[in-house]
Amino acid sequence: MAILTVREALQQALHEAMQDERVFIIGEDIGHYGSTYGVTAGFLEKYGPERIRDAPIAEAGILGLATGAAMAGMRPIAEIMSVNFSLLAFDIIINHAAKIYSMFGGKFSVPLVMRTTNGWTQLSATHSQSFDAMFAYIPGLKVVAPATPADMKGMFRAAMADPDPVIFIEHTLMYGIKGEVPDGDYIVPIGKSVLAREGRHLTVVTYSRMVHLSLQAAELLAQEGIEVEVVDLRTLRPLDMSVALESFKKTNHAVVVTEDWQSYGTSAEIATRLYEAGFDYLDAPIQRVNFREVPMPYAKNLELQVVVTTERIVAAIKKVLNRS
Amino acid sequence: MQKQRGSTKAVTSATQSVRSSMTSTPFTRALEHLGADQLVEYYRQMMLIRRFEEKCQEMYTRSKIGGFLHLYVGEEATGVGAISNLQPQDHVFTHYRDHGHAIARGLDINPLMAELFGKDTGCSRGMGGSMHFADVTKNFWGGYAIVGSHLLLADGVALQCKMQKTNGVVMVFFGDGATNGGEFYEALNFAQLWKLPVVFVCENNLFAMGTPLEVHSSVTEIYRKANAFDMKSMRIDGNDLLGVREQVGEAVEHARSGKGPVLVEAMTYRFRGHSAQDTQKYRTKEDVEKHRSADPLEAYRKLLIDEEICPASRLDAIDVQIDAEVDASVEFADNSPVPGNEWLTDAGIYAAPLETQTVDPTLV
Ligand SMILES: Cc1ncc(C[n+]2csc(CCOP(=O)(O)OP(=O)(O)O)c2C)c(N)n1
Ligand SMILES: [Mg+2]
């Protein structure tokens with residue numbers, strides 16, 4: 001066990017993946033620039049330009065080439081610097097990578113991993129979005145968004161071993177987060193959620209960076225005697241609700257925290273699943289904490305009101321529990 | 001191949017001044033057509049951009065400015081020279097490295113600094129920040145932060161110019177890195193196919209973020225990419241202000257006369273990092289120094305002095321005046337209110353209803 005940052009855990013996972021000669025990385029500014037968020041820093045020097053492919057600014061091209069190469073037996077890792085730029089590749093991702101296996105009768109598949117980032121820091125409307133729900137909407141894609149260094153490493157490995165296209169969602173504000181990471185071969189399966197904190201009064205269902213904020217909220221509420229259970233979904237598609245439902249049956253109260261817009265967003269699906277399968281256990285309406293539904297403003301005073309904060313999570317929990 | 005800045009140097013270092021030698025150059029022609037005051041005005045614009053951005057860097061370090069900050073330092077001659085050809089009815093689109101284009105188009109720096117500070121008095125009401133300067137009253141349609149996509153919007157405005165016969169021309173700025181994505185090719189094809197009045201100005205500063213030109217583009221002479229569309233194109237020295245002015249001027253006239261779009265590749269160099277976060281591993285200090293020693297702003301200042309267009313003392317006085325203006329913009333921004341919470345409501349997302357007078361009254 002070592003204490004690593006999310007960035008370091010991912011680096012380990014990527015180095016491990018590179019042991020397979022079929023693996024190559026394609027993306028913008030991954031090599032010469034030194035990597036936008038530092039994850040592939042030093043990779044060009046170590047593996048050379050054949051396998052660390054600094055790509056032109058051409059997201060459709062990056063995903064298109066990665067999809068083709070994957071079909072034919074390579075194991076590409078496509079990096080899209082920011083998920084906002086993935087929109088330019090949506091045709092490839094949705095009409096092609098996600099469809100090919102089924103549409104051609106299951107004769108070949110697309111073992112592709114696309115790494116990308118969510119995040120915001122006064123970057124304004126086009127650079128602060130989350131498209132988690134848009135990916136997770138698509139049958140044929142697998143969508144993961146781990147929260148901890150250990151899960152980053154373990155799930156990346158699972159993604160690389162997967163025969164289908166996996167969208168691997170990171171977060172620009174999470175790279176410095178530290179945690180214990182098992183050494184060596186370590187795999188965390190796709191499609192398995194996990195309990196991040198035990199409690200008995202209310203269940204927070206969340207994933208990615210919001211796990212950390214939810215844990216902070218739980219910590220604060222513990223001082224007031226409110227014991228919050230936190231469920232980390234880890235995978236958005238296929239969505240494993242078993243841990244969340246188990247918890248909900250015990251607490252009878254739930255808050256869903258996701259860092260995206262509410263309407264038609266990931267929290268809509270998660271809350272619906274809770275209502276559908278947990279209706280009989282419901283003691284109060286479920287609350288959702290999300291981005292406010294506006295294009296992200298640049299101005300800090302507004303941005304801070306749009307994003308999810310620990311305070312907003314605490315307030316939602318108290319509301320569900322009818323506490324003030 | 002167009003005249004390079006080296007030739008300007010040769011002229012200014014000659015014992016005979018350009019004027020007395022009687023050789024016709026962009027300088028002599030500009031002097032003849034515009035007069036000395038206008039030549040000094042270009043200096044003022046370049047210096048205003050430079051000092052404004054140096055102040056931006058300082059304010060960024062002091063956390064008055066957030067987000068991404070992409071500076072134009074070193075590339076001023078391209079924006080000022082190119083935009084100097086535009087009329088009020090013309091249009092400008094640019095990318096996230098937009099401060100220089102905005103100032104060259106005549107946007108007041110107070111609302112620009114206020115935008116960077118995220119204030120209600122900002123040119124985009126504090127909603128856009130550094131990458132999204134705009135001023136519709138000057139047909140400055142904005143900086144856009146998604147590489148390449150705005151070229152198609154520029155085509156769209158050009159289509160409006162053509163269909164409504166406004167005699168307007170659209171000038172759109174972008175980098176070398178933007179010429180590899182599909183939108184670039186779509187935009188060039190549409191523009192040439194429909195003879196749209198667009199001047200595409202590629203500011204080739206040799207890098208797309210930290211990826212060198214030869215690593216990201218199969219053709220490193222970007223202007224040749226227009227050949228695939230039978231489009232007129234040229235490569236120019238983007239650091240020679242008057243050369244830029246003259247050559248882009250030809251492109252603007254070509255577009256305005258209905259002959260179709262032009263792709264201009266302006267060779268230039270950014271002195272600062274791609275953005276404020278850049279560690280610049282991809283180039284050497286020596287390379288940057290080499291380009292800095294050929295600073296287009298310094299070169300132009302020297303030209304004005306050597307050619308006795310303007311004494312150094314008057315240029316110094318302009319600099320002092322600019323510093324005062326820039327300081328005043330900081331004060332303006334500092335004292336401005338932040339945008340209100342109405343931006344977090346539907347009123348901040350959706351426009352007011354369009355005018356209804358064209359609608360059949362029986363339907364209303
Ligand atoms: C579609 C898209 N992909 C990637 C980015 C990230 N990005 C912003 S600027 C940039 C480099 C652009 O280089 P260039 O076009 O040469 O312009 P320069 O910054 O050099 O002026 C990149 C990769 C983006 N904003 N949009
Ligand atoms: Mg460039």
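Are B:Asn205 and B:Phe207 buried or exposed? Here are some notes to read beside this predicted model.

1. Both residues, B:Asn205 and B:Phe207, are buried (buried means under 20% relative accessible area, with a 1.4 Å probe and protein chains only).

2. Next, find B:Arg105, in the loop between helix H6 (99-104) and helix H7 (109-116) of chain B. Helices are DSSP runs (H or I) of at least four residues, numbered from the N terminus. B:Arg105 counts as buried because its relative accessibility is 12%.

3. Look at the neighbours of B:Arg105 too. Leaving aside residues up to four places away in sequence, B:Arg105 touches several residues, including B:Ile83, B:His91 and B:Phe140 (contact means heavy atoms within 4.5 Å). B:Ile83 is 22 residues away in sequence, yet the C-alpha atoms are 6.4 Å apart.

4. Helix H3 of chain B (residues 26-34) has the buried residues B:Pro26, B:Phe27, B:Thr28, B:Ala30 and B:Leu31. Just after H3(B), B:Gly35 takes a positive phi of about 85°.

5. A word on conventions: residues are numbered from 1 along each chain as its sequence is written, while chains are lettered from A and ligands numbered from 1 in the order written. Local features need pLDDT of at least 70, side-chain atom pairs count only at pLDDT 80 or more, and totals for chains, interfaces and linings use all residues, while side-chain values use heavy atoms, without hydrogens and water.

Key
Helices (H or I, at least four residues) and strands (E, at least two) are DSSP runs, numbered from the N terminus. Buried means under 20% relative accessible area, exposed over 50%, partly exposed in between (1.4 Å probe, protein chains only).
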